[in-house]
Amino acid sequence: MNPTPSTSPTLATLATSHFEPVIIVYTCYWCSYTAADLAGTSRLQYPPNIRIIRVQCSGMVHPNLVIDALTNGADGVLMCGCHEGDCHYLEGNLRAKSRADAIKMMLEDFALEPERYRLEWVAASEGPRFAEVMTEMVEQVKRVGPSPYK
Amino acid sequence: MPVKVAQEWFAICGGCEVTVLDIGEPLLDLLPELEFVHFPVIMDHKLFGQTGENNTADIPQADVGIITGGIRNEENRHLAELMRSRVNFLIAMGSCACYGGIPALANQFPLEDLYDRVYRGNSTTDSGETPKGAVPALLDRVYAVDEVVKVDLKLPGCPTTPDMFAAAVMHLLKGTPFALEEKSVCDQCPTIREKKAVATLKRPLEPIEGAGEPLETVRCLMEQGFLCQGPATRAGCGGMDGGTPRCVKAYMPCRGCYGPLRDDANPMVDMMGALSTIGLDPAQISDRAAQFNRFAGAKGRLRAAPKR
């Protein structure tokens with residue numbers, strides 16, 4: 001039984017939906033992965049739909065890695081890096097930001113919804129924010145449904 | 001005993017056939033070893049017999065088959081399958097055969113739209129019904145040869161350089177393996193790269209800074225703002241000895257005719273990434289899918305806009 005689609009799902013519709021998205025999260029080694037670690041050691045709760053891939057810098061995530069993930073079965077991709085100005089490599093996250101614009105443009109070419117991709121800055125001390133962003137992303141992807149490439 | 005070669009051409013301009021004629025001196029070494037048994041462009045051998053006496057098309061048995069051009073219609077598909085059954089080793093020659101090439105730009109539109117645009121709705125053409133029966137029907141899109149039949153060797157390029165073709169044939173005759181370059185055009189490009197654009201995007205007709213000066217002193221064309229497809233294109237156009245890429249040698253940006261580096265790569269994704277990385281604005285590029293898949297539209301890289 002499929003629940004009727006709604007723009008703002010209540011907890012009840014989320015609970016009855018059988019769709020469990022797979023979301024690839026690229027986290028940078030210096031900030032966001034540490035934030036994920038902090039969220040874990042602080043025992044913060046967030047949905048188990050995410051698969052974290054640690055990269056040295058958000059600036060090394062080429063658009064290929066995002067598009068390939070989305071066209072090979074991932075329902076969403078989230079990129080997390082240091083806040084602007086905080087990059088360990090000075091401007092890696094600015095590079096990620098300019099690439100994000102290109103990625104958003106290309107989602108349309110691959111008939112993917114813009115909600116499936118997101119770029120977020122999460123600093124090392126922001127464990128609660130990491131959990132919050134993950135929860136938001138999972139809800140956002142659940143709303144658009146499974147990837148057409150599955 | 002010379003090696004028998006059969007060749008057939010499909011959706012192509014004929015440039016790759018000229019490559020065979022353009023080999024130059026090495027052709028003198030090759031010719032005694034080769035015997036062309038079917039080659040529509042350069043010799044008179046007809047599919048239905050010399051006087052049209054046969055009812056079915058046939059290609060003579062041969063050791064090596066060469067196909068140039070993509071598979072556009074039913075006849076192309078039939079002949080490609082026939083060729084495969086007649087030869088032991090099949091070469092797809094040129095970017096049309098390997099990746100669809102220029103004809104595959106039509107893959108962006110459904111077949112009916114193409115008919116409407118080119119024939120029925122064209123103000124300078126007397127519109128009529130699409131002919132059926134007398135001419136082979138078009139397939140739904142342009143296919144690369146290896147999407148239809150098994151291909152043993154792919155030689156990309158628009159056209160394939162004569163020395164690459166000669167080298168491949170030499171290797172085949174000697175029985176040694178032949179492999180394509182696995183680097184990108186940028187890896188063989190001598191211009192100065194600093195990974196930062198010094199200008200905004202330019203149109204190709206604007207003057208290139210440093211044109212005429214030694215290439216080692218010229219700034220990377222993409223960093224000057226010209227759309228150069230070097231980062232997403234296979235090297236090899238400069239010759240088998242790894243020379244300077246052909247277009248760059250003439251102070252022109254690479255157009256991507258050697259096709260993507262990997263068979264499953266999408267040059268559009270690579271190029272959009274490369275442009276935004278050095279600080280150019282990818283939003284300014286109109287028609288990015290066709291722009292960056294100009295020679296690689298088959299295999300689903302270019303397709304009609306999906307309905308959402």
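These questions and answers walk through a predicted model with chains A and B.

Local features need pLDDT of at least 70 and side-chain atom pairs count only at pLDDT 80 or more, while totals for chains, interfaces and linings use all residues. Residues are numbered from 1 along each chain as its sequence is written, and chains are lettered from A, ligands numbered from 1, in the order in which they are written.

Visitor: In what order do the elements of chain A run from the N terminus on?

Guide: Chain A holds 5 helices and 4 strands. Both are DSSP runs numbered from the N terminus: helices are H or I with at least four residues, strands are E with at least two. The order is α-β-α-β-α-β-α-β-α.

Visitor: Which strands stand at the edges of the sheet in chain A, and why is one side of each left without a neighbour?

Guide: The 4 strands form an open, parallel sheet in the order E2-E1-E3-E4. Strands count as paired if DSSP finds at least two bridges between them. An edge strand has a single partner, so one side stays without a neighbour; the two are E2 (50–55) and E4 (117–121) of chain A.

Visitor: Over how many bridges do E1 and E3 of chain A pair?

Guide: Ile23(A) stands opposite Gly76(A) in E3(A). E1 spans residues 23–28 and E3 spans residues 76–81; they pair in the parallel sense over 5 bridges.

Visitor: Which element gives the most to the side of chain A that touches chain B?

Guide: Residues are in contact if their C-beta atoms, placed from the backbone, lie within 7 Å. By that rule, 13 residues of chain A meet 13 residues of chain B. Helices H3 (63–71) and H4 (92–109) of chain A each supply at least two residues of chain A's side. The top contributor, with 8 residues, is H4(A).

Visitor: At roughly what angle do the axes of H3(A) and H8 of chain B cross?

Guide: Axes are lines fitted to C-alpha atoms, for helices over the stretch in contact, and angles run from 0 to 180 degrees between N-to-C directions. H8 of chain B covers residues 267–278, and its axis comes within 8 Å of that of H3(A). Pro63(A), Asn64(A) and Ile67(A) meet Val269(B), Asp270(B), Met272(B) and Gly273(B). The crossing angle is roughly 145°.

Visitor: How far apart do the C-alpha centres of the two domains of chain B lie?

Guide: Chain B is divided into domain 1 (3–174) and domain 2 (182–293), with bounds from an automatic or database domain assignment. Their contact takes 12 residues from domain 1 and 9 residues from domain 2. On the domain 1 side, H4 (95–99) and H6 (162–174) of chain B each give two or more residues. The centres lie 29 Å apart.

Visitor: Which residues have the most contacts inside the largest nonpolar core?

Guide: A nonpolar core joins buried Ala, Val, Leu, Ile, Met, Phe, Trp, Tyr and Cys residues through C-beta atoms within 7 Å. Buried means 20 or more other C-beta atoms within 10 Å of the residue's own; 12 or fewer is exposed, in between is partly exposed, with C-beta atoms placed from the backbone. Helix H5 (residues 127–144) of chain A gives the most to this core, with 7 residues. The core has 101 residues, and those with the most contacts are Ile23(A), Val77(A) and Ile67(B).

Definitions and conventions:
Two residues are in contact if their C-beta atoms, placed from the backbone, lie within 7 Å.
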